[in-house]
Amino acid sequence: MLGVAFGIGVLLALVDGTAAHCCVAPHQLVSKMLERLEESVKVDELPNPSILLAMNLAGATGTNTRKWLLQQIQEEAVKRAQKDMTSGEVALYVLTLLSSCQNPQHVQALGQTINLLQVLQEKTDEEMASLELEGVPKTTLYSVSLDALGLCLAEAGGYQGASVALAKQVLTPESHLSVDTRAMAALAMACTYSQTDLYDVQELLQEALWVVTNSFLNEQEEKGGMIGNIYSMGLALQVLGATGKFYFPREWDCAQAFSVVYSHDYHQPMAIAQVLPALVGMSYLEAASLDCTASTSMSPTLQSSLSPKLGTTAVPRGTASPSRSPPQTPCPPCPSALPVADITVHYSIINKLQGRHFSCTTSVRVPDGSTLLKVLQAAEAEKPDVFSFKTEQTSWGPMVVSIHGLAANPDDKTYWQFLSSGDALQEGVGTYKPRNGEHIQAVFSIY
């Protein structure tokens, strides 16, 4: 291990800064993603800080949506950060405020003021105490990674110990960390590496970063451009674009990875928010160094009375301004579309883990193109005493937290996992669209 670390250290000494890559997404794709992010913002839903963070990194800093989101995020921070947010949520709010050139130590809203950095430090301390005593954090290693990144970019205390713990987890073969967790940990470790002057810490971090980045490059080569799945690509691309010096002299085929992203039509707002920064050559590591005073050209967009945006969309960072489109005459109502054919979906709920075990199956008919959430609703409507369920709204959409009265519990690491043909679904119930004849299983599981 020491030999590997020494070799990496020599290479880092030969590389000044981060290795650059030439991949930047076409303007049309970036504009479409920004538009979908704006359309996802609803006045009757909690604000998603990841959306504002992505808009800021992409250069869309002059929109009314952005101003409204910032105000809502400040209000939610004041209302919920201390009692109702996890450490990772607070960290994401800190990153978003930093990218908006706001001081997270002095967040003002609703006639109140909160020091969000102090809250984050306290919650990170709780995570680390649990990690040291029980071997697992209070929430997840992904949250700890966000914590370390937020504290590091804000130049607050507490991030170095968290990053060291993350590095040790990455270097533990039995850890089996997800792509998302390794990617967020890599961003946190890269920030800490640039801030610390302790040689032994730098040596540990650079070895862990070498392992993460090379594992991503290996997986990309083996899977024809894919790293993890299409929804983990965003963070993985951010890491590879921002940490080139840690895998130098190896080169990254960014064109191959970007082509995988181009082939997928992203609609899920959280997925867009994570992949968009990478597509414009940015990463979360730049959240605290944006120029919020830079003027940005504007192009008109359609105004909607159902959302807070009032007709301004910024030209994406690093792209040319499109020509102004003439006003369009509203279209008359379109004729009714042909009826959509119904499909049959088989649905099972299985608990062999806790309490009274059960296994129940039903078949429901739903319109072709329906989401899995519609399947669950149809099953509940037919047999509410068996297939009742509850969801909670998250930044990734609705998450099923209870089925048949059996609720997921973070204390014992239980959750409802959805499978098809034995494989875990790569999308949530709000976006996954089952095929005709598909058998979906909801299995009570441990993570």
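Colleague: Which residue of strand 6 does Tyr-347 stand opposite?

Modeller: This is a predicted model, in which local features need pLDDT of at least 70 and side-chain atom pairs count only at pLDDT 80 or more, while totals for chains, interfaces and linings use all residues. Residues are numbered from 1 along each chain as its sequence is written, and side-chain values use heavy atoms, with hydrogens and water left out. Helices (H or I, at least four residues) and strands (E, at least two) are DSSP runs numbered from the N terminus. In strand 6, the residue opposite Tyr-347 is Thr-362.

Colleague: How many bridges join strand 5 and strand 6?

Modeller: Two strands pair if DSSP finds at least two bridges between them. Ile-350 has Ser-359 of strand 6 as its bridge partner. Strand 5 (residues 342-351) pairs with strand 6 in the antiparallel sense, and the number of bridges is ten.

Colleague: Which residue takes a positive phi in the hairpin of strand 5 and strand 6?

Modeller: This hairpin has six residues between the strands. The phi in question is near 55°, and the residue is Gly-355.

Colleague: Which are the edge strands of the five-stranded sheet?

Modeller: The sheet is open, with mixed pairing and the order 6-5-12-10-11. An edge strand here pairs on one side only, and the two are strand 6 (358-367) and strand 11 (423-424).

Colleague: What angle does helix 14 make with strand 6?

Modeller: Helix 14 (residues 372-382) lies across strand 5, strand 6, strand 10 (414-420) and strand 12 (439-446). Axes are lines fitted to C-alpha atoms, for helices over the stretch in contact (heavy atoms within 4.5 Å). Angles run from 0 to 180 degrees between N-to-C directions. Relative to strand 6, helix 14 runs at about 110°.

Colleague: Helix 14 also packs on the three-stranded sheet; what is its angle to strand 7?

Modeller: That sheet is open and antiparallel, in the order 7-8-9. Strand 7 (389-394) and strand 9 (406-407) each have a single partner strand, so one side of each lacks a neighbour in the sheet. Helix 14 touches strand 7 and strand 8, and its direction makes with that of strand 7 an angle of about 155°.

Colleague: Where is the kink in helix 4 centred?

Modeller: Helix 4 (residues 64-84) has 21 residues and reaches 28 Å from its first C-alpha to its last, close to the 30 Å expected at 1.5 Å a residue. The expected span is 1.5 Å times one less than the number of residues. A bend is the angle between axes fitted to the seven residues ending at a residue and the seven starting there. The kink is about 45°, centred on Ala-77.

Colleague: Helix 12 and helix 13 pack at what angle?

Modeller: Helix 12 (residues 254-262) and helix 13 (residues 269-279) have axes 12 Å apart. Phe-258, Val-261 and Tyr-262 of helix 12 make the contact with Val-275, Ala-278 and Leu-279 of helix 13. The packing angle is about 140°.

Colleague: Which peptide bond is cis?

Modeller: Most residues other than glycine have a negative phi, and most peptide bonds are trans. Pro-249 is found in the loop between helix 11 (233-242) and helix 12. With omega about 10°, the cis bond joins Phe-248 and Pro-249.

Colleague: What phi does His-176 have?

Modeller: His-176 lies in the loop between helix 8 (159-170) and helix 9 (179-195). Although His-176 is not a glycine, its phi is positive, at about 50°.
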